[in-house]
Amino acid sequence: MSISHLIIARKRLLIFWFLLVLLLVAVLKSDVLPEDACPGDKVVVLDPGHGGHDSGARGPSGLTEKSVTLQLAQEIKKALSGRHAVYLTRTGDYYLDIDERTAVANHKRANLFISLHTCGCFRHKGHGTAIFYYSGSTGQNFHPLSQKDDISEAGEKLCYWDYSQSPHIRKSKLLATLVHQELVKNPKLVDKGILHSPCLVLRGADMPAILIEVGPLNPSAEENRFRGGAFISPVAEAIARGICEFFERTGSA
Ligand SMILES: [Zn+2]
């Protein structure tokens, strides 16, 4: 083999190794979940907040929370596709009671229940992304989807799963922590942390459950972020990674 052939062969080898390193870096930095990242046999129920006559928050140019939460749920389902069985409490623009939402998760015997909202419709003073887990009636971070009164004092009729969330609070907090860890990697999100609250939609869930508020929809600059998939898809993928991390940590959950 001539010297020129040796030089060409060496150059080709260098190019091969350079491309291989680039490929490895791309895989490591990718937000897309590797096929084997999350062995799936779990049931996840996602709850797109609001629907029908209940639009939730509304942005300055009319984008509604109910449409954003549905899109976010669909994106999370897509990110978990092929790994887990994912169900949505609603798949279109219609209204569901809070109890109906939780009932879907219980009847599906879900391993996880996640209710999705955007900030800006409630009475939160701060705007940003927050994750709630259930804490009973003494929660310090009141959420509008929370009970206002002590149940026994209010004389509210209890159904059998009114306190179903209580045994799962520790894992719900872990789920909140792991999803939060992934979400805060997104520099476009204003982190409002992990909060505990007596959320009604979580109270009856007989499995680890959290409520995620992504937002806000106001002002218009924030609203525009939610249009199209450029903002929502990375958020959905981050939530999916948090879910997978939770299943890896807890096994059968
Ligand atoms: Zn909402």
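Visitor: In which helix does Trp-17 lie?

Guide: Trp-17 lies in helix α1, which covers residues 3-29; helices here are DSSP runs of H or I with at least four residues, strands are runs of E with at least two, and both are numbered from the N terminus. This is a predicted model, in which local features need pLDDT of at least 70 and side-chain atom pairs count only at pLDDT 80 or more, while totals for chains, interfaces and linings use all residues. Residues are numbered from 1 along each chain as its sequence is written, and side-chain values use heavy atoms, with hydrogens and water left out.

Visitor: Why does Trp-17 count as partly exposed?

Guide: Buried means under 20% relative accessible area and exposed means over 50%, with partly exposed in between (1.4 Å probe, protein chains only), so Trp-17, at 48% relative accessibility, counts as partly exposed.

Visitor: What makes α5 oblique to α8?

Guide: The axes of helix α5 (residues 169-183) and helix α8 (residues 229-250) come within 8 Å and cross at roughly 140 degrees. Angles under 35 degrees count as roughly parallel, over 145 as roughly antiparallel, 65 to 115 as roughly perpendicular and the rest as oblique, and therefore α5 is oblique to α8.

Visitor: Which salt bridge does Arg-241 form?

Guide: Arg-241 forms a salt bridge with Glu-182, their closest N and O atoms being 2.9 Å apart, where the term requires a side-chain nitrogen of Lys or Arg within 4 Å of a carboxyl oxygen of Asp or Glu. This pair links helix α8, which holds Arg-241, to helix α5, which holds Glu-182, across 59 residues. Both Arg-241 and Glu-182 are buried, and salt bridges with shared partners join Glu-182, Lys-185 and Arg-241 into one network.

Visitor: How do you know that the side chains of Asp-93 and Lys-66 meet in a salt bridge?

Guide: Their N to O distance is 3.1 Å, to be set against the limit of 4 Å. Asp-93 lies in the loop between β2 (85-88) and α3, and Lys-66 in helix α2 (residues 65-79), so the pair ties together parts that are 27 residues apart in sequence.

Visitor: Which of these is buried or exposed, Asp-93 and Lys-66?

Guide: Asp-93 is exposed because its relative accessible area is 52%, whereas Lys-66 is buried because its relative accessible area is 13%.

Key. Axes are lines fitted to C-alpha atoms, for helices over the stretch in contact, and angles run from 0 to 180 degrees between N-to-C directions.
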